[in-house]
Each structure stands twice: as structure tokens, then as C-alpha cells.
2 protein chains.
Amino acid sequence: MEDKKEKIKPELPGGFRDLLPADAIAFQSVLDRIRRVYESFGYSPLFTPAMERVEVLTGGAEDFEKSLFYARIRKGAEDKNDQAVNEGEVFGLRFDHTVALARVMAANSDLSKPFKRYAIGPVWRGERPQAGRYREFWQADFDIIGSDSTLADVEVVQIMQAVLAELGLRRFLIRFNTRKVLNGLAEVVGAADRAKHVCRSIDKMDKLGLERVLAELKDGEAALNDEQAGRIGEFLKIKALDNDETLRQLEGFIAGKGETALAGLAELKNMVSALRELGVPEENWRVDLSIARGLDYYTGPVFETVLLDKPELGSIFSGGRFNDLVRRFVEADIPGVGASVGVSRLMIALKEFGLLPDKKNVTEVLVVPVFDPALEVKAAAVAARLRAGGLNADLYRSSGKEKSTPRGGVGFASREGIPYVLIIGPDEAAQGAVLFKDMKAGEQFPLAIEDCLKKIKTGLGR
Amino acid sequence: MEDKKEKIKPELPGGFRDLLPADAIAFQSVLDRIRRVYESFGYSPLFTPAMERVEVLTGGAEDFEKSLFYARIRKGAEDKNDQAVNEGEVFGLRFDHTVALARVMAANSDLSKPFKRYAIGPVWRGERPQAGRYREFWQADFDIIGSDSTLADVEVVQIMQAVLAELGLRRFLIRFNTRKVLNGLAEVVGAADRAKHVCRSIDKMDKLGLERVLAELKDGEAALNDEQAGRIGEFLKIKALDNDETLRQLEGFIAGKGETALAGLAELKNMVSALRELGVPEENWRVDLSIARGLDYYTGPVFETVLLDKPELGSIFSGGRFNDLVRRFVEADIPGVGASVGVSRLMIALKEFGLLPDKKNVTEVLVVPVFDPALEVKAAAVAARLRAGGLNADLYRSSGKEKSTPRGGVGFASREGIPYVLIIGPDEAAQGAVLFKDMKAGEQFPLAIEDCLKKIKTGLGR
């Protein structure tokens, strides 16, 4: 048998981790609340597999291939019928939820549009594991496909705000811009053909600062001259705390030149005005012209979110409009906009801010039979009644064979943070009662079984 | 840009599939209900990664290696710092939730026991894809670790029954036995040293039938003589529809000989009596001495569940007691018992029986602005109010630029199965009202905005 073999170390590979119940309960509650907000805005779930064909994932681009996890069956592996399975076939593990969405939209052109879906689940990236960086982490995405209205863009901000508020956060800032302004900017300074490189350099503002970004704009692929870089410098200095002032300065900067920039200005104005009319708290969002988002596929508004008390986490909720979503697969004009919250990373902040439920166990009431083993089944029946009434009820099982005393069950409830304990001994059983123990209040008293349900529900605020 | 490249086929690899919203909503609702039942019994979530070290997964056993998915980063892949990552390191994708549970228990000896956890998620097996067999499928497991009480075994049956009843199933049968009877049987016929092989042959009863099982017992590794096989044949004919009759016949068969078999008999008797006392409907469970479960690691009760109207699916909810759980990793006596429902497979039956929610969209009410684009923001504000009241509310966005008419939104609601539509045109907006449309009843009438929430909640039965 196995116990004679050499033991295997019960270890995880680097970059992976377990969530034991205390963390798992908190994590699950965060996922549930995110999902509830997404659904309240009319987003439906979509499940796609963990694995995809490699070219679907990478689109042939080398940079993705580098951090992809490849999955395959052992070469020569055989199934029960002794036929070769999957020989040489190699799949990739998803590194985000967007590629699968694009594939689904391309493969199912009959889906009603606007198509609003969310996807919550782990993604995998084969990066070097380091503090706070995992090879498996969870993302929760929502996207509207098939609408290019400004109200769809505004809805993204509404949802980001609603999710973070639902999680108890107050001091966060959703910063947004539009690619039209950035592309128009290249146009305004006379470098329309290098708009992509201008964007990429501006995206580094947070990391490099103004001086180094300007240097890169001149020396890098954007190859701007001094005057062009100087104009971009003026633009990047527009950083008013007040949205109207930002828009006013942007308007002055554009000064009526450049169609794309003007379209971008109008887009931002419309978003600001709609967000105000919808009452989305203005302390939570701001037009920020330095937001670029490095990815090439964005075409309109782009969003990032910073936690004001933990800015070092970077953007924890990001997204944008991508109107070329499905072109990897089919030639079709299917606009989309959405955002993704990095749940695993967000958990770090929620934990630090004390915004997570502090529970090691989902049990709300523990029923503890004592002194007589024959009472175990009676106690189990009491637990079943409590469950039928809507409570999470567990039956305490002493591990030993000796007669159980209240101490074992009460100690367990105390260690696990279970708020209520019902003790059933021979006396209580004879009277159809229990010894009711409120762990938090530290009080206990006899109570008829039929009164326990209501008492506990009241105590739990239900 | 991408549109000039050759297009990539938007296809999944064989053995994988998407769940589009209609299926995803149904699937999510099944997962939620399973989780709710598990939690009501005091099981907390535990999250473990998709990938594990290969030897953790296989324990070195060759048969597992054959159907394992291996995951690795491309050899020579490099991270941003140009350092080799993960070169040569190969992981395996989990093929069940039990191995990870064992690893967690071995690595965290400080976890309070009994430790009750559930795990719901996809698992991967590199089998040859065929109808109804997928390479990715979902399992929902629950296990109690650290208790060897009969009431823990009974709780497994309670939960299996509660889950299936919660999903709307009535005609199912949880069949159980105990390995002690089977091991004792080998003892009773004088083949205690070949108990494992006797079990494995008996496990094939459903597939092979009595005659072929008896032949295998003689000609196979169990190597029984005619008399021994004949005795086992007598045992296997014990198949009363009535639990008391089964136990009576078993008692007669054992006839006081064989300690292990007698312990098994006592175990079954205790389970039957506790299940009755707890009121678990007896039409849903039955002692069935032909249940063996092939896996070697079971040591006590074993469970299988058949859907009486779809027996060809095989067991959709199975489990058992495994008291050697952690011995792959540490030498410790940590008993466990639990079961796992094959959710992906169960969905086939639930769909066929009409037990799944029939929704293509989670939206409960669609707000449709018409005739004047300026009404869009007003409509969005109405949707926000409905959300604040607890409804899933969506704003209809016409795809074109032309003035929208009610037809677009109503058509969308009809295609998507959205039950309520609120139409807001210039007249309605001026009066603080909407045109309220109940899609099912086919009626519509003007209604003040503040009355919509209550009306819809009543209609939805909330």
C-alpha cells in the first residue's frame, strides 16, 4: 500500500496557491457581489473552456506565446480503446477572457446584439513567480458587444463604480480618456502616421514621468521633432483636478484643429454630462488625458482605476472600447466596450482595508449532542430542521469514542467562529429543548427547539 | 492591421465547448443551488489551483498519467527580465478535486477537524472526445475530513438527496453498500487475501452481469474455486427492493462468521436506522450489496446514484469513505468521507427533464427610450432606479443612428425572453411615466415610474 512508498511532498508549484476556507469564503463573497452587480446591469454569464487552440489565443503574435501555458497529453498516450489520443496536439491555457469572447462572437453571428456577457474565472500566465504575482489569477470581465453608443461607454464607468462601491470601497478613482483624443493628438502635432507609438509612450507616464516620456517620443519609434514633442508636453501637463477645467484646457489645446481630436473631445464631454445626469459620484471618476492603455486594440474610451490608499497596486479595474474585436476571425464590424477587474489583486487591498468577511466557516449554528451517543441522531434531526428554515447548520462530531462533553463542541465553535451553539444533553432532549449559546454575547440559556430558528435569524439580522 | 492577415478559425479543440448564455444561466443556477445545499450543511469553500505538480496528481501511478493533461511554458520562454522561466518544469491539470484536498490536509495539519469543505470547478482529462464525453467537465465535491462517525456517512446520503431534490429531481436512487461487507465477504468465503480483486469484479455487475462476474472471479486475479464463487453468487443474488429484507438476507448469509462482514452489517443497519430517523425519503435510497466502486482507496461506505428515468447516464453522484486519504503525503490516520456530483453530465438529464430555467438573458426589465436620443440618459436613470430597487435592468440601445421606435426594443425583449419592457417617449417623459409592457400577458398601459418597481417585483413573485 501507499504508506510503504516514499512520501510525496504536499507542495504547490511556485506561482500557485490555495485559498483555505477563511480566504475562500471572503473570495467567494467578492465574486458573488461582482456577479450580482454585473447581472443587475443585464449581463448574462458565458462559460468558455480553460483551453483554446494556440493560434486562437495568440493570433500568431510572438509576445503572447512567451507567457502562454501550453497543455498537451503525453505523446503516445492511449485511451481505453488503445487508440492514440491527441498525439502532437497542443492547446493553450487562456490568459484572459477577451479572446474567447471574440471567438464566440465570431462563431455565433446569430447571437442577439447588443450582447452583454460577463465571465469570471481563473486565467493563467507563465510569468516568473514573484511577490503578489501569480501564474493563476482570477479576472472578472463584462463587455457589451454590438453597441457603439456613448451610453454603453458610460455604463462601463457606472458598473466599475457600482462594483467597487458594493465591495465597500469609497476612495477609488476611475480615470478615463479616449483613444480618439490620443490619435487626434498625433494628428494635431502632425504625426498621424505614428499615432500608435505616441500612445504607447504616453501610456508610460505613470512609470517614467514626463521627461523620460518626452525623450522616448523623440528618440523612440514615434520619432517626433522637438516642436512636436513640446506640444505633446503641453498636452500632458493638462491635469486639472476638475473635469470641466480639463475639458476646457483640452479644447484650448486642440483649438478647433484636427477632426479626430474634436470627436474625442465631444465623446468626453458627452460622457461627463451623462455620468453627472446619472448621479455617478464624481469623486469616483475623472477625465485623465494621460490614460492610454498600452494595448493596440482599443479604439475609443479607455479606463483605469486606482485605489487612492493603495496606488502601488496599479490599475485594479481597466478596460476600454475595442471596435476590431472579431477581426482576428472574421471580417465584420462588431464594436465592443468593457472592463475587467483583477480580483486576485483586488483581494490584497480589500483584506488590508478590513473590507472582507472575517469567517473561517460558513456554519451559522452548531448542534452539539453531549453525554449520550444516542442523542447524535436527535441532534442531527434538529440540524435538519434549522436547515429547512434557511440556516447553515452543522452537527458536531466528537473525534474520540468517549462520551462527549459540551467543551468539545463549544471549543470547536469558538475556534471556527461559529456564532451559535445548541447543546443537547439527556435533560434537554427530554424537554424538547436545547441549551442555547450565543458565542458573541457569551450568554447561554435553555430554549425550546422551535424557538431557536427565529432567535438565530434575528441575531444574524435576517 | 489584423484584417489584412489570413483569418483564424474561431473553433474550439475537440472535447471542449462553450456554454452560451441560455446554457450558462441554467448551469450557473445549478452550481448555485448545489453550493447552497453544501453550505447549509456547514461545508465551506476551498479553492485549489488548476495545476499541480505531476507526482502530486498521479502518486506515481501509470494509469493516471495516461489521461493527464500536462502544462508547461514553452521551452526557452523568457520573462521580461530575460531570465529563463520554468524551463523543463511540467505541471499537470487536476483530474478531480480529491487529490488537492488530500494535499491541503497533509500540508495544513493545523486545520480544525472535522474539516468540511466543498469544491466546485472544472477538471480535465485527456480522454478521446466522444458524444457526451468531454475533456473539460465540472465536478462539485463535498467531503468531511477527520470524522469516522456513522452520522458523517449518513450525512453524505442526506446531502446527495437534498442536492438532487433541490434541483427538482424526484426519481433517483442513492444506492449504498460498505467495503467492510465486501472485504468481509472475501473473508467469509476464505479468500481474505484477494479482497481487492473480489471487489473489482463485483464492481462490474452492472456492466457484465452475474454470469460473467462469476467467471471472472474464478479465472481472474481473485482466483476463487467453484465453491467460493458459488457462495459469492448467492451473495450477489441478495437484491431485495426492501432494505430490511436485504439486511435480513445479508445477516443470514454471513451467519455470524467473519468479523469484518459483521462490522459491515452493523454499519449498514446503523445507517438505515439513522436515515429513517432523520426522515430522508426512503424511495431515494437503498442498500445495494452490488455497489463496490472500483477505486482501491475506499474503506467503508460507498455510494452511487442512478436517475431512474435515465439510467444510461450511469452514476451521477458517487462517493465513499476513504480513510487513507493523506497517506500519499504523510503517515497519518485522517479518515474522510464525501461524494462528487458530475455536474456537466447531470445537466444532460436536467435539460431533458425540463428542470432547467429557460432564460436567454438575466435581464428582468428592459428600458427603451424612443423617438428622441435625448431620452436615452433619462431611460438610463430609470434603469438605475430599478437596479437600486433590486432588479436586473438593462437599457435598450438601438444599433442604428436613426430615431428609435418601440419596435426595436420590444423585438429584442421578445427574442431574449425579457419579461418586462418600459418604453419612454417624449410624452411619457413629460409626465414622469412610462409605457409599461408585460411581455407574457401581452398587455401594456401607462404607469408612473415610481410604480414600476413594485409592479415588476410582484409579477416576478418577489
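**Close-up views of a predicted two-chain model**

**View 1. Strand 10 of chain A is covered on both faces.** On one side sit Phe317(A), Gly319(A) and Arg321(A), and on the other Ser318(A), Gly320(A) and Phe322(A), all of them buried (under 20% relative accessible area with a 1.4 Å probe and protein chains only; exposed is over 50%, and partly exposed is in between). Six of the six residues of this strand (residues 317-322) are buried, so strand 10 of chain A is largely enclosed by the rest of the structure. In a regular strand, side chains alternate between the two faces of the sheet. Helices (H or I, at least four residues) and strands (E, at least two) are DSSP runs, numbered from the N terminus.

A word on reading these views: this is a predicted model, in which local features need pLDDT of at least 70, side-chain atom pairs count only at pLDDT 80 or more, and totals for chains, interfaces and linings use all residues. Residues are numbered from 1 along each chain as its sequence is written, chains are lettered from A and ligands numbered from 1 in the order in which they are written, and side-chain values use heavy atoms, with hydrogens and water left out.

**View 2. Strand 10 of chain A is joined to strand 9 and to strand 11.** Strands count as paired if DSSP finds at least two bridges between them. Strand 9 (residues 301-307) of chain A runs antiparallel to strand 10, with two bridges joining them; here Val302(A) has Gly320(A) as its bridge partner. Strand 11 (residues 336-342) of chain A is also antiparallel to strand 10, this time through six bridges. Look for Phe322(A), whose bridge partner in strand 11 is Gly336(A).

**View 3. Five strands of chain A make an open sheet with mixed pairing.** Their order is 13-12-14-15-16. Strand 13 (393-395) and strand 16 (443-448) of chain A are the edges, each pairing on one side only. From one strand to the next, the twist averages 25 degrees (axes are lines fitted to C-alpha atoms, for helices over the stretch in contact, and angles run from 0 to 180 degrees between N-to-C directions). Strand 12 (residues 365-369) of chain A runs parallel to strand 13, and three bridges join the two. Leu366(A) finds its bridge partner in Asp394(A) of strand 13.

**View 4. Chain A meets chain B, with 119 residues from each in the contact.** Contact means heavy atoms within 4.5 Å. The chains bury about 10100 Å² between them, 56% of it on carbon and sulfur atoms (accessible area, 1.4 Å probe, that two parts lose on being put together, summed over both). In chain A, Ile8(A), Phe47(A) and Arg397(A) lose the most area to chain B, together 8% of what that side buries. Ten salt bridges are counted between chain A and chain B (a side-chain nitrogen of Lys or Arg within 4 Å of a carboxyl oxygen of Asp or Glu). One of the side-chain pairs to look for is Asp32(B) with Arg35(A), a salt bridge of 2.8 Å, N to O.

**View 5. A cis peptide bond links Lys113(A) to Pro114(A).** Its omega is near 0 degrees. Pro114(A) lies in the loop between helix 4 (98-107) and strand 5 (115-124) of chain A. In chain B, the bond from Lys113(B) to Pro114(B) is cis, with omega near 0 degrees.
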